[in-house]
Amino acid sequence: MRAVRCTRIPAGTKIAAVDSTPPTATGGFRLLLVEDEPEFRAILAALFTDEGYHVDVAGDGQRGLHLGLTRRYDVIVLDRGLPAIEGLDLMRRWRRHGVTTPVLVLSARGAAADRVAGLDAGAEDYLAKPFDVDELLARLRALRRRHLDVARMLPVGGYRLDLDTREVSDAPDHAGAGTAPVQLSERECGLLATLAGRPGQVFSRADLLTGVFTEAESPIVVDTYVHYLRRKLGRGIVDTVRGRGYRLGRDPRR
Ligand code: CA
């Protein structure tokens, strides 16, 4: 998979805040499609790819859960009737693990009660099948825009990480604020953004290698960059979970 990168973005430019790929017509946004019907999945994936998205697909709820928890997406399109884990149950699991990526539910179940259930389970939008393709694409653009506005500033304990400038600074509401911002390298920023995007989740070295670095590199590169982050931001910024991997420090300031 593509590495997570922090890129400098000119003010007002609508492109993905965390992505290593060059901007395309829709800015190289990453989309996860969870749909079990193979033909429909292929049609939708082709449609989204044509629109300029980088598309990952999952054919069942278990695969969708794994991808949603280990990779960063700008938007998720989710079917309800899925093998392994039902769609709304899957979304609740993502939300419990801190996944805030906007989700559009695409379902044959389009009654008012079904829509209410979907929105209550954590979906940002709900579209009943059959649907108009242009409307689906427009709704995805709207979701992405709303999400980008909040995604550029990631809370990291008492800090916040600016994905545009790669600076870590005191959160505005933090008592005793006023220390100078800390500048991160592209890879330090990608690593911290991945951990901070799922507070509480433990990432294995393999997860971080595929999500932040490249699969060709040795897992030791992950340990090296954890060391760099701790040197710049304090030991508490990243927790080591023995035998499992790393997670965001529960109190990065300790
Ligand atoms: Ca289905």
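Let's start with E217, which counts as partly exposed at 23% relative accessibility. Here "partly exposed" sits between buried, under 20% relative accessible area, and exposed, over 50%, worked out with a 1.4 Å probe on protein chains only.

E217 has a partner: it forms a salt bridge with R187, and the closest N and O atoms are 2.7 Å apart. The two come from distant parts of the chain, 30 residues apart, with E217 in the loop between α7 (205–211) and α8 (220–233), and R187 in helix α6 (residues 186–197). By salt bridge I mean a side-chain nitrogen of Lys or Arg within 4 Å of a carboxyl oxygen of Asp or Glu. Helices (H or I, at least four residues) and strands (E, at least two) are DSSP runs, numbered from the N terminus.

A quick word on what we're looking at. This is a predicted model, where local features need pLDDT of at least 70 and side-chain atom pairs count only at pLDDT 80 or more, while totals for chains, interfaces and linings use all residues. Residues are numbered from 1 along each chain as its sequence is written, and side-chain values use heavy atoms, with hydrogens and water left out.

R139 is partly exposed at 23%, whereas D125 is buried at 14%. R80, E86, R109 and D114 go beyond a pair, as they are linked in a network of salt bridges.

Now to the metal. Which residues coordinate the calcium ion? They are D36 (OD), D79 (OD) and G81 (O), at 2.1 to 2.4 Å. Donors are N, O and S atoms within 2.8 Å of the metal (3.2 Å for Na, K and Ca), and because water is not among the atoms, sites may look incomplete. Along the sequence, the spacing of these donor residues reads D-x42-D-x1-G. D36, in the loop between β1 (30–34) and α1 (38–50), and G81, in the loop between β3 (75–78) and α3 (87–96), are 45 residues apart.

Is D79 buried or exposed? D79 is buried, with a relative accessible area of 6%; D36 is partly exposed at 28%, and so is G81 at 48%.

D79 also meets K129 in a salt bridge, 3.3 Å from N to O. K129 lies in the loop between β5 (125–128) and α5 (133–151), 50 residues from D79.
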